[in-house]
Amino acid sequence: MIIGFQQNYMCGQTQGTIFPAPNFNPIMDAQLLGGALQGISCEKDVLIDILTQRCNSQRLMIAEAYRDMYGRDLITDLKENLSHHFKEVMVGLMYPPASYDAHELWHALKGVDTEEKCLIDILASRSNMEIFQMKEAYLMQYNNDLQQDIDAETSGHFRDTLMNLAQGTRMEGYADPSTAAQDAMILWEACQQKTGEHKNMLQMILCNKSYQQLWMVFQEFQNISGQDIVDAINECYDGYFQELLVAIVLCVRDKPSYFAYRLYNAIHDFGFHNKTIIRILIARSEIDLLNIRQRYKERYGKSLFHDIKHFASGHYESALLAICAGDAEDY
């Protein structure tokens, strides 16, 4: 059961942990990276110091300067010189956000086993523009249509809801108080009846109404049923369909709280699930990772910095902590 998340995301300021570096010099950074990667032993500290302390657009400029200077692709050189989870972090930082989402979705869909939780994390939390850009990147990088791959690799109402989210047609910035009670009644009936038609109506509302509208709908749902919408979904549904519906609700309410919850689960419930931790830290590093850190500390008592330090090690740990950007007192 997941309840009690803070609901102040929409009215609060969000802040990442990685910012554009002042006095940025891509040519100098490219030279330092070239020296670090081409020495007898790879100087991993140099890679961390540069790539975690530059914003994404600056990293792309470094990659361009690196190609001009050495005639090679920086991502290829990182892949050839690094290994394991440290490689995943350094390479992940080099993708533009939409390309990184596309990369993660491709591997989630086309790996040995479909990684449903990755699909949920990305598609439940991205804006229309982010979804449009990731679909474009997916097509360019893999010459495949994202929605066709979702259709082929998933099933049932879980697939239908993912397909709806992947259309990127959620209304934005629009709310109609006069229809909130009606929408809430449909959601309540869907939790009671649980027919295929009711499931379709449930996901249509959650995937297409604006966040502002859904805030009012969730309040009306509470008034009608005497129950929080998350509790109702948890009681009425199960499997990945239930997890996806809950993720949508939690992202509407407060994305940093949702990602704090997912990080805590990945660290504590799944024995440090590296892929999830890497993906969330990189994807949210310039959006709201500072807010995620704050929610994590408020909700779980220990800081994200502390828990990463406790479970990770070596240069991998150093890279994650640099992205997390925690202070000594966070420990």
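Q: What is the volume of the second largest cavity, and how is a cavity defined?
A: Picture a 1 Å grid over the protein atoms alone: a cavity is a set of points where a 1.4 Å probe fits but cannot get out. Grid points are joined across faces, edges and corners, and the volume is the space filled by probe spheres set on the points. Here the second largest cavity comes to about 30 Å³. Keep in mind that this is a predicted model, where local features need pLDDT of at least 70, side-chain atom pairs count only at pLDDT 80 or more, and totals for chains, interfaces and linings use all residues. Residues are numbered from 1 along each chain as its sequence is written, and side-chain values use heavy atoms, with hydrogens and water left out.

Q: Which residues line the second largest cavity?
A: Lining residues have an atom within 4 Å of a point. In this case they are Asp121, Ile122, Arg126, Phe259, Arg279, Ile280, Ala283 and Arg284. Helices are DSSP runs (H or I, at least four residues), numbered from the N terminus. H16 (274-284) and H7 (116-123) each give at least two lining residues, and H16 has the largest share, with 4.

Q: How many residues of each class are in that lining?
A: Ala, Val, Leu, Ile, Met, Phe, Trp, Tyr, Cys and Pro count as nonpolar, Asp, Glu, Lys and Arg as charged, and the others, Gly among them, as polar. This lining has 4 nonpolar and 4 charged residues, and no polar ones.

Q: And what about the largest cavity: what is its volume?
A: About 60 Å³. Its lining splits into 5 nonpolar, 3 polar and 2 charged residues, including Leu123, Arg126 and Cys207.

Q: Let's switch to rings. How many aromatic pairs are there?
A: Rings of Phe, Tyr and Trp (its six-membered ring) pair if their centres lie within 6.5 Å; planes under 30 degrees apart are stacked, over 60 edge-to-face, and the rest tilted. That gives 12 aromatic pairs. Take Tyr66 and Tyr70: their ring centres are 4.8 Å apart with planes at 50°, so the pair is tilted. Both sit in helix H3 (residues 56-70), 4 residues apart, about one turn of the helix.

Q: Is Tyr66 buried or exposed?
A: Buried means under 20% relative accessible area, exposed over 50%, and partly exposed in between (1.4 Å probe, protein chains only). Tyr66 has 0%, so this residue is buried. Tyr70, at 25%, is partly exposed.

Notes. On a 1 Å grid over the protein atoms alone, a cavity is a set of points where a 1.4 Å probe fits but cannot get out, and a pocket is an open set with protein on both sides within 12 Å along at least five of seven lines; lining residues have an atom within 4 Å of a point.
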